[in-house]
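Trainee: I am new to this one and would like to know what stands behind each label. Can we go through it term by term?

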Amino acid sequence: MELCDYPAYELALLLRQRSVSAVDIVESCLRRIEMVDGRPGTLDAEPREDDASAVHAFITLTAERALAQARDIDRRLAAGEEVGPLAGIPFTVKDIFAVRGTLTTAASRILSNFVAPYTATAVSRLEEAGAIMLGKVNLDEFTYGSSNESTAFKPAPRNPWNLSRVPGGSSGGSVASVAAGEAPLSLGTDTSGSIRLPAAYCGVVGLKPTYGRVSRFGLIAFGSSLDCVGPIARSVTDAALMLQAMAGPDPYDSTAARVPVPDYIAKLEDGVRGMRIGLSPDYLRITYPNLETGEYGEQPLPEEISAAVYRAAEILSGLGAEIVEDVPMPNTRYGIPAYFVISRVEAASNLHRYDGVKYGYRTARPDDDLNLLYRRTRNEGFGQQPKLRILMGMYVSAAQYSQQYYRKALQVRTLIRQDFERIFDPSGPYRLDALLTPTTPAPAFPMGAVYGDSVMMQYADQLNVAANHAGIPGLTLPAGLDAEGLPIGIQLLGPDFSEDRLFTIGRSYEMATESDPWRKARPAVLAMGA
Amino acid sequence: MTRQFIDRETFDHLVQLAALELDETQAEYLMRELNNQLSAIQELAAIPVDPDLPASLHGIPYSAETSPGLRPDEWHPFPNPDEILAQAPETDDRYIVVPDIPHTTLE
């Protein structure tokens with residue numbers, strides 16, 4: 001096992017014992033990147049045959065910057081100075097966060113030349129804790145997708161477990177870099193599942209924290225009432241360490257809540273005895289529209305997915321948790337339709353700022369007319385998915401339709417929130433500590449299989465999006481492999497600001513399954529010889 | 001065939017409002033997907049809700065204790081304004097240059 005495959009908490013210990021240096025750790029990650037990542041995502045890159053044999057997580061590798069930070073940490077350790085809890089731990093950053101002096105593209109042509117003049121709070125807090133950024137990783141354009149195929153920076157990332165599959169999106173580069181051992185940690189965002197879905201597809205841990213737990217300052221906005229910043233890691237402990245460094249109020253984000261940040265590590269191994277964990281039939285089936293008839297179909301999840309959930313419930317029950325079955329979550333099925341409206345309205349509003357005037361791409365043919373400059377810049381700069389979101393958002397918020405669509409969607413959001421309030425209410429009928437569900441309706445799909453069909457792509461997030469509507473936290477954990485060797489994920493949803501409890505449950509499950517044979521399996525891209 | 005919720009005329013109007021300029025291939029794809037998405041949200045109409053049910057603009061409630069509250073209205077100069085200006089596609093003596101705004105006569 002190379003240093004780059006170690007968990008972050010072990011690397012932090014080894015570094016403090018001076019058994020390894022920060023430079024050793026960074027160099028190990030850089031060697032892994034060199035070995036498996038292939039060429040970085042680039043604007044207008046022509047497809048090449050060998051693209052199918054690499055991960056392509058990165059857009060911008062900041063190797064020199066990382067090595068300089070590593071040398072500084074080694075110098076401080078040698079001088080006996082204090083270093084932060086994440087000292088020497090490499091991480092990658094979804095290229096939707098501003099990091100001063102780096103290209104910050106949102107995987108879009110319209111920001112392809114944008115060098116951020118300031119740094120996002122989440123990134124600066126990780127760096128203050130001593131973590132070392134290796135670079136900016138790929139995503140769906142402006143985060144709009146669940147497969148990472150909509151990036152304007154090609155080749156798009158691939159799933160390290162099977163390079164013909166998508167890594168999931170929109171934090172595709174983040175999860176791929178962590179799964180392939182390029183970095184132990186990555187910073188992602190989740191607006192309807194963009195951390196949890198790809199983490200499940202790539203067999204890693206991902207947390208969407210409570211809305212307001214982590215500052216959004218410096219995050220390029222998509223759906224401002226839904227966007228959450230969260231950690232991606234290979235273990236629950238590492239995700240907890242990472243959240244610990246980022247969470248808390250921020251004077252630059254008026255939605256970053258003033259709620260005390262607990263010690264996420266202290267209670268990690270307290271166990272689940274006495275906890276009440278729910279299972280809901282509404283999370284064990286999917287509902288999707290037939291666009292021709294307008295009828296909604298329902299079908300059960302694949303057997304391997306529901307089996308992983310029932311097995312986790314059995315394990316947690318064996319550890320002393322009480323499993324509560326048949327928990328009704330009747331409004332889950334409305335999550336996607338409501339999201340189609342709310343997220344598009346917010347996206348359209350957020351995307352109006354890109355106009356070719358102050359920063360980013362500007363058309364070469366403005367023809368001495370400001371209106372033409374706007375139109376041509378936006379037409380040439382945005383890909384299809386941002387354009388579609390702008391058009392949809394403008395339509396459903398238009399004066400004559402906003403009651404029918406936007407207001408109704410916001411009311412449905414209230415119903416979805418009430419579902420969760422009912423099951424987590426400490427004096428209610430269910431009194432749950434968490435709801436246990438599958439993370440995704442199916443494992444990672446083949447590249448090219450869904451991309452272009454914007455409705456089917458959105459329905460991939462069906463089991464994730466309710467948590468974004470409600471603002472509650474959701475943790476995804478790897479829970480085995482399917483018959484084709486693709487990772488399966490399970491999800492824990494909890495009440496507001498219950499990240500500590502979700503981590504405790506996750507860690508219990510992790511310890512109980514430590515000796516499972518699938519835990520020994522490695523992604524194909526590593527089994528090939530890395 | 002998906003139900004058509006918007007016709008070409010409405011679509012073209014939306015494109016104008018969105019400050020976009022589409023070629024025919026893009027327009028065809030976007031209009032089809034837009035109709036598909038509108039078809040997918042029709043389910044919302046059938047959900048029975050009490051007209052008095054409040055609309056949620058965000059999920060979690062903010063109270064006086066959890067909300068960060070308002071900051072003092074103070075001016076904080078940005079430390080490196082030249083890095084911001086350096087992002088502008090065209091500048092002249094620290095002014096950002098844009099083409100003329102076409103004149104329109106208001107009725």
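Mentor: Start with burial: a residue is buried under 20% relative accessible area, exposed over 50% and partly exposed in between, with a 1.4 Å probe and protein chains only. By that cut-off, 67% of the 530 residues of chain A count as buried, and 33% of the 107 residues of chain B do. This is a predicted model, in which local features need pLDDT of at least 70, side-chain atom pairs count only at pLDDT 80 or more, and totals for chains, interfaces and linings use all residues. Residues are numbered from 1 along each chain as written, chains are lettered from A and ligands numbered from 1 in the order written, and side-chain values use heavy atoms, without hydrogens and water.

Trainee: What makes T143(A) count as buried?

Mentor: T143(A) has 5% relative accessibility, and therefore counts as buried. T143(A) lies in the loop between β4 and β5 of chain A, and has a positive phi of about 75° although it is not a glycine.

Trainee: Which secondary structure does chain A have?

Mentor: Helices are DSSP runs of H or I with at least four residues, strands are runs of E with at least two, and both are numbered from the N terminus. Chain A comes to 16 helices and 15 strands. Its radius of gyration is 22 Å, close to the 24 Å that the globule rule gives for 530 residues, so chain A is as compact as a globular protein of that length. That radius is taken over C-alpha atoms, and the rule is 2.2 Å times the number of residues to the power 0.38.

Trainee: How does chain B stand against that rule?

Mentor: A compact globule of 107 residues would have a radius of gyration near 13 Å, but chain B has 23 Å. Chain B comes to four helices and two strands, in the order α-α-α-α-β-β from the N terminus on.

Trainee: How do you know what length to expect for helix α2 of chain A?

Mentor: The expected span is 1.5 Å times one less than the number of residues. Helix α2 (residues 22-36) has 15 residues and reaches 22 Å from its first C-alpha to its last, close to the expected 21 Å. Its buried residues include A22(A), I25(A), C29(A) and V36(A). Just after α2(A), G38(A) takes a positive phi of about 70°.

Trainee: What covers the buried residues of α2(A)?

Mentor: The cover includes α1 (8-16), β2 (58-61), α3 (63-78), β3 (90-94), β4 (132-137) and α16 (524-527) of chain A.

Trainee: Which residues is Y406(A) in contact with?

Mentor: Contact means heavy atoms within 4.5 Å. Leaving aside neighbours within four places in sequence, Y406(A) is in contact with V341(A), I342(A), V345(A), V396(A), Y401(A) and L57(B). Y406(A) lies in helix α12 (residues 403-424) of chain A.

Trainee: Where are there cis peptide bonds?

Mentor: One joins K154(A) and P155(A), with omega about 0°. Another joins G169(A) and S170(A), with omega about 5°. P155(A) is found in the loop between β5 (153-154) and α5 (172-179) of chain A, and S170(A) is also found in the loop between β5 and α5.
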